[in-house]
Amino acid sequence: MDWDSFFTVHSDLPREGPGEAGDVAWALALAGVPEGAAICDAGAGSGGDVAALLALPGARVLAIDSHPGFVAQMRARFAGEARVVVEEADMAALARHPAGPFDLIWCAGALYFLGLEAGLARMAGALKPGGVLAFSEPCVFVDAPSKAAVGFWEGYPARDAAGIGAAVAAAGYESLGARALGDAAWEAYYGPMEARIAALRPGADAALTAMLEVCAAEAALWRWVRGETGYLLTVARWKG
């Protein structure tokens, strides 16, 4: 990965993955977490969901990401917001974070980097008893997805909704609800990225041009396979 070119494309994008405020509101409503809840946005990227999490009265949000560039963007974005703490941290070690345990962990498009079962187990260790994990996981929506749809996840074994639900139950959670992210959530990510790609093309060097092509191809592929695969947002209560 050419990280310099990657961050040239992604610098200051409004979000680093699909989603919209309505997804967060839906999850908060299902979670039923109390006012003043301790929330962790794990793998927060540039903080695209933090403002929506703050809609919960009195909520305190710890936003973590492992990439310094995204952490710097979040710190600038939420400077002066007393209810937000931004840290460079590994979500795999969240159970040891002194701010925990948490009433709610929000993990949008990031849990699967740990693997579903491992991610569910690690998040459980950072939740209060009865705490809630809301996460989006690669999912296939058809019985026989095309090679293009399978390839969209670059080798990650996306499951169907039933398979994700089974993993959630086996890990000791009670599923409160699940729904696929809609097209608007994906366009909220890819639309600004494509505008950035168009702005960067003139005068781009070879390395940046290659990265622009990779990012543009990803957006185009999603539009091709969006009826077959995407993210399933699951809200689940830890029963431990």
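Guide: Start with the lining of the largest pocket: its residues divide into 27 nonpolar, twelve polar and eight charged. Here Ala, Val, Leu, Ile, Met, Phe, Trp, Tyr, Cys and Pro count as nonpolar, Asp, Glu, Lys and Arg as charged, and the others, Gly among them, as polar. This is a predicted model, where local features need pLDDT of at least 70 and side-chain atom pairs count only at pLDDT 80 or more, while totals for chains, interfaces and linings use all residues. Residues are numbered from 1 along each chain as its sequence is written, and side-chain values use heavy atoms, leaving out hydrogens and water.

The largest pocket has a volume of about 1,200 Å³. Of its 47 lining residues, Glu-16, Gly-109, Tyr-112, Phe-113 and Tyr-189 are the closest to its centre. A pocket is an open set of points on a 1 Å grid over the protein atoms alone, with protein on both sides within 12 Å along at least five of seven lines; lining residues have an atom within 4 Å of a point. The points are joined across faces, edges and corners, and a volume is the space filled by probe spheres (1.4 Å probe) set on them.

Which elements supply at least two residues each of this lining? They are α1 (3-10), β2 (60-65), α8 (183-200) and α9 (206-225). The largest share, six residues, comes from α9. Helices (H or I, at least four residues) and strands (E, at least two) are DSSP runs, numbered from the N terminus.
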